[in-house]
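Please look through the structure below with its aromatic rings in mind.

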Amino acid sequence: MDADDNVYDALAAADHDGRWAHGAGFDESVVEVTAPAPDGVDTEDLAAYCLMLADDALVGSQRLSEWATHAPELEEEVALANIALDLLGQARVLLARAGHLGAAERFRVAGRASEATGDGRAHDDEDVLAYFRDDRFFRNVTLAEIDLGDFAQTMAWMLVFSSWRLGLMTRLRGSADPVLAAVATKAVPELAYQREYAAGWVLRLGDGTELSHVRMQAGLDAVWPFVEEIFGAHAVETRLVEAGVAVDPAALRADVDADLEQVLPVATLTRPERPAVGLVGGRGGRDGVHTEALGPVLAVMQSLARAHPEATW
Amino acid sequence: MVSTLTDRSPWDVAAEVTDPEMPMLTLADLGVLRSVSHDDGRVVATITPTYAGCPALDAMRADLAEKLADFGEVEVRVSLTPPWTTDLISDEGRRKLAEAGVAPPEHIGPRTTGPVALTLAPPEKRVECPRCGSADTAVLSRFGPTACTALVRCRVCREPFEHMKDI
Ligand SMILES: [Zn+2]
């Protein structure tokens with residue numbers, strides 16, 4: 001039987017570049033990714049920062065993808081999958097950049113990922129960083145990893161997350177690092193769509209029925225304790241702000257506040273007054289100190305690649 | 001004269017490769033084919049992604065590698081700068097989209113560098129129905145069957161259609 005006659009055979013025969021499960025090799029093909037760190041910028045800091053922004057998107061994307069086959073309507077199913085895909089796209093380029101700057105080396109396992117695989121290609125940096133890193137090496141803010149609860153809570157989460165990341169990416173377009181600037185430029189319109197989508201649902205549910213209002217407010221309340229952390233600057237971020245590479249997270253508070261002030265009153269929702277979840281000894285997600293929610297998310301994301309490290313399809 | 005493969009440049013061949021999700025468009029129509037260089041039995045094609053997460057990118061790379069193989073060793077590079085926008089879709093591409101029942105994107109012009117305002121009201125400007133031309137349309141979902149389209153319904157002919165989002 002000709003391979004073209006059988007969709008599975010055709011996919012399997014799609015060769016070298018057809019690594020759908022394990023990425024397409026952005027670190028090899030995206031020309032900007034291979035640029036050195038800009039003059040005067042510490043390579044390790046830049047790699048760490050790329051990892052932070054990558055992990056926010058990667059873990060958030062994985063969380064959103066949990067909605068696949070569970071969304072309330074087909075349209076929302078498709079929307080959530082597309083939003084997850086946008087975030088994954090941002091994560092992939094940033095992981096490749098972090099890997100090019102050296103962040104992946106320590107996670108390559110001898111005999112598994114360091115040497116060429118069967119088809120003569122080494123595991124890509126982005127795969128190594130996504131699939132072979134344990135939770136304490138993830139640098140995402142804890143907001144990215146929390147359980148998204150019901151649809152209302154997911155929309156509250158998305159409104160805050162996209163408003164924050166949109167503010168970040170808007171400013172990052174002027175970064176001294178060409179990859180960060182390029183990723184940010186592409187991310188801005190994508191995040192603007194996400195924020196409008198989330199804001200639309202927060203309005204509709206908040207100012208909807210008695211029940212939808214209660215659940216929308218509860219969703220916002222559940223997300224709220226994780227919001228404060230996203231405005232705190234890690235030492236790496238502070239150093240890179242000085243170097244013109246990074247965005248000061250403190251500056252993003254005004255963006256998120258402005259969006260919430262616009263949406264919440266119309267949605268008849270109250271801005272929560274719940275205490276923030278404290279950092280542990282001053283350390284949070286950016287330091288690899290995570291909530292217990294991250295482990296299971298990574299287990300789902302990583303188990304297949306770890307069980308079949310050489311698999312391609 | 002009958003054109004044979006050897007008469008054609010690598011650019012001509014690359015430009016005819018179609019988008020896997022929007023097969024009515026070639027990579028050239030879509031504006032994602034940036035350059036094709038050819039020397040010494042080696043071809044380097046550079047494309048730019050529509051969306052960073054676009055799953056079609058892998059297929060585009062594989063298709064280009066296959067179609068250009070006659071010219072020698074092929075490398076397909078991806079470049080993020082300058083970023084792709086729907087403004088790069090050619091007039092020919094817009095015509096083909098409309099013909100296939102997909103409302104083409106609006107021209108958005110140069111991007112602002114400032115903050116992006118959140119708009120809660122539905123947009124004033126309506127997408128024209130590619131079937132009957134009516135502007136009496138409503139967005140059903142901002143996210144359609146592919147990452148780059150939204151789902152819209154025409155109130156006049158009552159048909160749903162896809163709109164390629166301006167981005
Ligand atoms: Zn119509």
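Helices here are DSSP runs of H or I with at least four residues, numbered from the N terminus. The model is predicted, and the predictor gives the complex an ipTM of 0.84 and a pTM of 0.88. For chain B the average pLDDT is 87, with 95% of the residues scoring at least 70.

Over all chains, the structure holds 7 aromatic pairs. In one of them, the ring centres of A:Trp157 and A:Phe161 are 4.7 Å apart and the planes meet at 10°; planes under 30 degrees apart count as stacked, so this pair is stacked. Both residues belong to helix α6 of chain A, which covers residues 151–172. Because A:Trp157 and A:Phe161 are 4 residues apart in that helix, about one helical turn separates them. A:Trp157 has a relative accessible area of 0% and is therefore buried. A:Phe161, with a relative accessibility of 1%, also counts as buried.

A:Phe161 forms an aromatic pair with A:Trp164 as well, this one tilted, with 5.9 Å from centre to centre and 55° between the planes. A:Trp164 also lies in helix α6 of chain A, 3 residues from A:Phe161, or about one turn of the helix. Both A:Phe161 and A:Trp164 are buried.

Elsewhere, ring pairs join A:Trp67, A:Phe151 and A:Trp201 into a cluster.

Within chain A, the charged end of A:Arg133 sits over the ring of A:Phe138, at 3.9 Å from the ring centre.

Technical notes:
Residues numbered from 1 in each chain as written. Chains lettered and ligands numbered in written order. Predicted model: local features only at pLDDT ≥ 70, side-chain atom pairs only at ≥ 80, totals over all residues. Heavy atoms only, no water. pLDDT = per-residue confidence, 0-100. Phe/Tyr/Trp six-rings, centres within 6.5 Å; stacked < 30°, edge-to-face > 60°. Helix = DSSP H or I, 4+ residues; strand = E, 2+ residues; numbered from the N terminus. Buried < 20%, exposed > 50% of the residue type's maximum accessible area, 1.4 Å probe, protein only. Lys NZ or Arg CZ within 6 Å of the ring centre and 35° of its normal.
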